[in-house]
Amino acid sequence: MQPYAISTKSHFVTMLLGTWLVLGIFIDGYAHNHDVVETFFTPWHAILYSGFLACAAWILGMIVYVKKRMGCSWKQAIPSGYELGLLGVIIFLAGGLADMAWHIIFGIEVNLEALLSPSHLALMLGAILILSSPLRAGWRELSGDQIGWRSFFPYLLSLALSAGTVSFFLMYVWMFRYNLPAPKVVAWYMNNSSTLFAHRMADDAEVRGLTFILLNTIVFMFPILLMLKRWQPPFGAITFVFLLISALMGVIDGFTQIHSLIVSFVAGLSGDILLHFRRSDLNRRRSSRLIAIIMPIVLWGSYFGWMAATSGIGWEPELWIGSIVQASLLSLGLSLLAQSPERVSQ
C-alpha cells in the first residue's frame, strides 16, 4: 500500500502551524540574546512550545483520520512525507523535556552556549523534521514543470522555514550581524590589541569574515539549488526564500541590520530573473549552474556595495573581491553536488 497523500490544504495547515513554531524559536532567540530569559517558564517558551504542540496535534490527528478512513495499520496511516515528521515530534518532545531539566539544573544559557546546548540541538533536529514534511511530500508528488504559486507555496514555505531554522542555529556566523569588513571594525581590532598582536587579530577577523561569507552562501544557496533540482518554481520563489531567511534572522537583533533585507531582495530577484529568461532552456542543469554562479556574486557584491556607500570597506580589494569569487565557486560546487553532470555513454 502506497503512503496516503494528503491535500495541498492540509499542507497549508501544517505550514501555518509550523510558522507559529518557527516564530517561537526566533522570538525565544531574541530573548536569549538580550538577557530577557530568566526561567524556563516564560512567554517566549510558551509561544515556542505551544507552536510545537499545535504541530504535534495536527500530525497525530491526520494519522488518526487516515487510519479510520482507510482502515489500515498505524504505520500505513502516516501521510506521505510525514514519516520523519512524526519522528521529529518525538525528538522535539524529548528535547523539550530535556530542555526544562537542563534549565532547572544548569540555569539559563545565553549567546553561544544556548545554541550548543544538547537539548536545544535536539529541538533543532525535531523542528526541521517537522517543518520539512510538506517538502518531502511535494518532492514525491508534485510535478516539476510550470508550477503555480497556489499549488507550490506550502512546499516552498516548508523549504524556506527549514533553511531559516538552520540559519538560526548558525547565527554566530551570520555576516550581517558583525560587518567585519567595515573600517571601524577593522580599526577596533587594530587599536584594541597590543602592538605585537594587532595584525594577528586583524588577520583573524578577516578569516572569520571570509568563513562567515562562505557559510552564509551555503545557507542561502543550498535550498535554492535543491528546489531547482526538482522543480521549475514560479517567479518570485527564489526571492521569497532569501527574504524569509533574512527576515527571520532580523528578528534576533530587532531588525537593526535592515540592509540584509535589501541585499537579500536584490540577490533573490537576480535569481528569479535569470530563471525566468532561462525557462526555455531544456537543460535545467545548465540553468542551475548559471544561477549558482551569478547569485552569490550579486549577493556579496550588493553587500560590499552597500558597505562602500555607507561606511566604506576596510578590507583590501584583493580580499573582498576574492571573497565574492570564492563564494561563487563554492556555490558552483554545491550545484555540482546537487545535480551531477550527465554520464557519457561509451
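Trainee: At what angle do helix 5 and helix 7 pack, and how far apart are their axes?

Mentor: Helix 5 (residues 118-131) and helix 7 pack at an angle of about 170 degrees, and their axes lie 9 Å apart. This is a predicted model, in which local features need pLDDT of at least 70 and side-chain atom pairs count only at pLDDT 80 or more, while totals for chains, interfaces and linings use all residues. Residues are numbered from 1 along each chain as its sequence is written, and side-chain values use heavy atoms, with hydrogens and water left out.

Trainee: What do helix and axis mean here?

Mentor: Helices (H or I, at least four residues) and strands (E, at least two) are DSSP runs, numbered from the N terminus. An axis is a line fitted to C-alpha atoms, for helices over the stretch in contact, and angles run from 0 to 180 degrees between N-to-C directions. The protein chain here has 14 helices and 0 strands.

Trainee: Are helix 5 and helix 7 roughly parallel or roughly antiparallel?

Mentor: Angles under 35 degrees count as roughly parallel, over 145 as roughly antiparallel, 65 to 115 as roughly perpendicular and the rest as oblique. Helix 5 and helix 7 are therefore roughly antiparallel.

Trainee: Which residues of helix 5 and helix 7 meet?

Mentor: Contact means heavy atoms within 4.5 Å. From helix 5, Met124, Ile128 and Leu131 meet Ser158, Leu161, Ser162, Thr165 and Val166 of helix 7. To sort them, count Ala, Val, Leu, Ile, Met, Phe, Trp, Tyr, Cys and Pro as nonpolar, Asp, Glu, Lys and Arg as charged, and the others, Gly among them, as polar. That gives this contact 5 nonpolar, 3 polar and no charged residues.

Trainee: How do helix 1 and helix 11 pack?

Mentor: Their angle is about 35 degrees, with axes 7 Å apart; helix 11 spans residues 237-252. Val22, Leu23, Phe26, Ile27, Tyr30 and Asn33 in helix 1 meet Leu248, Met249, Val251 and Ile252 in helix 11. Here the residues divide into 9 nonpolar, 1 polar and no charged.

Trainee: How many aromatic pairs does the structure hold?

Mentor: Rings of Phe, Tyr and Trp (its six-membered ring) pair if their centres lie within 6.5 Å; planes under 30 degrees apart count as stacked, over 60 as edge-to-face and the rest as tilted. The structure holds 20 such pairs. One of them joins Trp149 and Phe153, a tilted pair with 6.2 Å centre to centre and 40 degrees between the planes. Both residues lie in helix 7 (residues 149-168), 4 residues apart, about one turn of the helix.

Trainee: Is Trp149 buried or partly exposed?

Mentor: Buried means under 20% relative accessible area, exposed over 50%, and partly exposed in between (1.4 Å probe, protein chains only). Trp149 is partly exposed at 33%, and Phe153 is partly exposed at 23%.

Now try Trp174 and Phe220: their ring centres are 5.7 Å apart and their planes are at 40 degrees, so this pair is tilted. The pair links distant parts of the chain, 46 residues apart: Trp174 is in the loop between helix 7 and helix 8 (175-178), and Phe220 is in helix 10 (residues 198-230). Trp174 is buried at 4%, and Phe220 is buried at 0%.

Trainee: Which residues do ring pairs link into a cluster?

Mentor: The cluster is made of Trp174, Phe176, Phe220, Phe242, Trp300, Tyr303, Phe304, Trp315 and Trp320.
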